[in-house]
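This report describes the sheets, helices and ring pairs of one protein model. Please consult the sequence and the structure shown below while reading.

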Amino acid sequence: MTRQTRIERHTNETKIDISLNLDGTGKARLNTGLGFFDHMLEQIARHGLLDIDLHVEGDLHVDCHHSIEDTGIALGDALREALGDKRGIYRYGHAYVPLDEALSRVVIDFSGRPGLHFHAQFNRDKIGDIDTEAFFEFFQGFANHARATVHIDNLRGVNNHHIIETIFKAFGRALRMAAAEDPRAAGTIPSTKGCL
């Protein structure tokens with residue numbers, strides 16, 4: 001079974017082309033027009049062992065909001081399509097990731113029921129070229145379109161760069177665990193309902 005997909009999402013605000021390989025090696029070719037965002041998306045690819053090829057043309061003359069939110073939406077769509085009916089996957093994934101003084105936890109359930117529970121506080125309005133409030137929008141877009149329940153908790157941290165980087169790294173690790181194929185599952189749906 002191939003777990004690769006390509007998504008095009010073109011609106012009046014953004015044009016996004018993304019190719020995703022769930023069984024990759026962590027390669028990323030990223031061009032969102034936002035340097036710090038590219039750096040964070042690279043963490044997802046590297047720590048999730050996903051191959052991601054992403055190109056975003058957004059209305060950055062307005063601000064970063066649409067580019068970041070729509071990238072989350074496109075990534076969620078791509079991941080949902082690549083997972084198919086979710087037969088034989090672990091379904092649940094979790095990770096704790098530290099970076100110096102910062103520590104974050106991410107838990108993912110490919111439940112078919114979208115929901116984001118995001119608990120992180122920043123003491124700056126921007127990190128790099130991104131409004132800190134836009135990170136919530138990225139993960140909200142992903143959760144809604146991947147149809148996943150996502151819990152994100154920053155447990156401690158002082159440096160804002162460290163805080164958000166631990167979140168993206170933990171997200172990649174949790175994603176990798178949840179999407180992995182379970183050799184003991186024998187192609188079954190990981191739910192007593194028989195569907196997700």
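How many bridges join strand β5 (residues 92-99) to β6? Eight bridges join β5 to β6, and the two strands run antiparallel.

## Basis of the report

This is a predicted model, in which local features need pLDDT of at least 70 and side-chain atom pairs count only at pLDDT 80 or more, while totals for chains, interfaces and linings use all residues. Residues are numbered from 1 along each chain as its sequence is written, and side-chain values use heavy atoms, with hydrogens and water left out.

Helices (H or I, at least four residues) and strands (E, at least two) are DSSP runs, numbered from the N terminus. Two strands pair if DSSP finds at least two bridges between them.

## The sheet of β5, β6, β10 and β7

Four strands make up an open sheet in the order β5-β6-β10-β7, and the pairing is mixed. At its edges stand β5 and β7, each of which pairs on one side only. From one strand to the next, the twist averages 10 degrees; axes are lines fitted to C-alpha atoms, for helices over the stretch in contact, and angles run from 0 to 180 degrees between N-to-C directions.

Strands of a sheet pair through backbone hydrogen bonds, either parallel or antiparallel. In this sheet, β5 and β6 form a hairpin with two residues between them, and D100 in the turn has a positive phi of about 55 degrees. Within this pair, V97 stands opposite S104, and H94 has V107 as its bridge partner. Strand β6 (residues 102-109) is also joined to β10 (residues 149-156) by seven bridges, in the antiparallel sense. Here V107 stands opposite H151, and the partner of L103 is R156. By contrast, β7 and β10 run parallel and are joined by five bridges; in β10, H151 is the bridge partner of H117.

Is β6 mostly covered or mostly open? It is mostly covered, since six of its eight residues are buried (buried means under 20% relative accessible area, exposed over 50%, partly exposed in between, with a 1.4 Å probe and protein chains only).

Helix α3 lies across β7 and β10 and runs at about 155 degrees to β7. Helix α4 (residues 160-179) packs on the sheet and touches β5, β6 and β10; its direction makes about 150 degrees with that of β5.

## The sheet of β1, β2, β4 and β3

A further open sheet of four strands has the order β1-β2-β4-β3, again with mixed pairing. β1 (4-10) and β3 (28-31) each have a single partner strand, so one side of each is left without a neighbour in the sheet. The twist averages 5 degrees from one strand to the next. Strand β2 (residues 14-21) pairs with β4 (residues 51-58) over eight bridges in the antiparallel sense, and H55 in β4 is the bridge partner of D17.

Helix α1 (residues 35-48) lies across β3 and β4, at about 155 degrees to β3. The 14 residues of α1 should span 20 Å at 1.5 Å a residue, which agrees with its end C-alpha atoms being 20 Å apart; the expected span is 1.5 Å times one less than the number of residues. Among the buried residues of α1 are F36, F37, M40, L41 and I44. The residue that follows α1 is L49, whose phi is positive, near 50 degrees.

D77 is found in helix α2 (residues 65-83), and it counts as buried because its relative accessibility is 15%. Leaving aside neighbours within four places in sequence, D77 is in contact (heavy atoms within 4.5 Å) with I7 and H145. The side chains of D77 and H145 are joined by a polar contact of 2.9 Å. A polar contact is a pair of N or O atoms within 3.5 Å; within protein, one must be able to donate a hydrogen and the other to accept it, and residues adjacent in sequence count only if both atoms are side-chain atoms.

## Aromatic pairs

The structure holds 11 aromatic pairs. Rings of Phe, Tyr and Trp (its six-membered ring) pair if their centres lie within 6.5 Å; planes under 30 degrees apart count as stacked, over 60 as edge-to-face and the rest as tilted. F135 counts as buried because its relative accessibility is 0%. Ring pairs also link a cluster that includes F36, F37, F122, F135 and F171.
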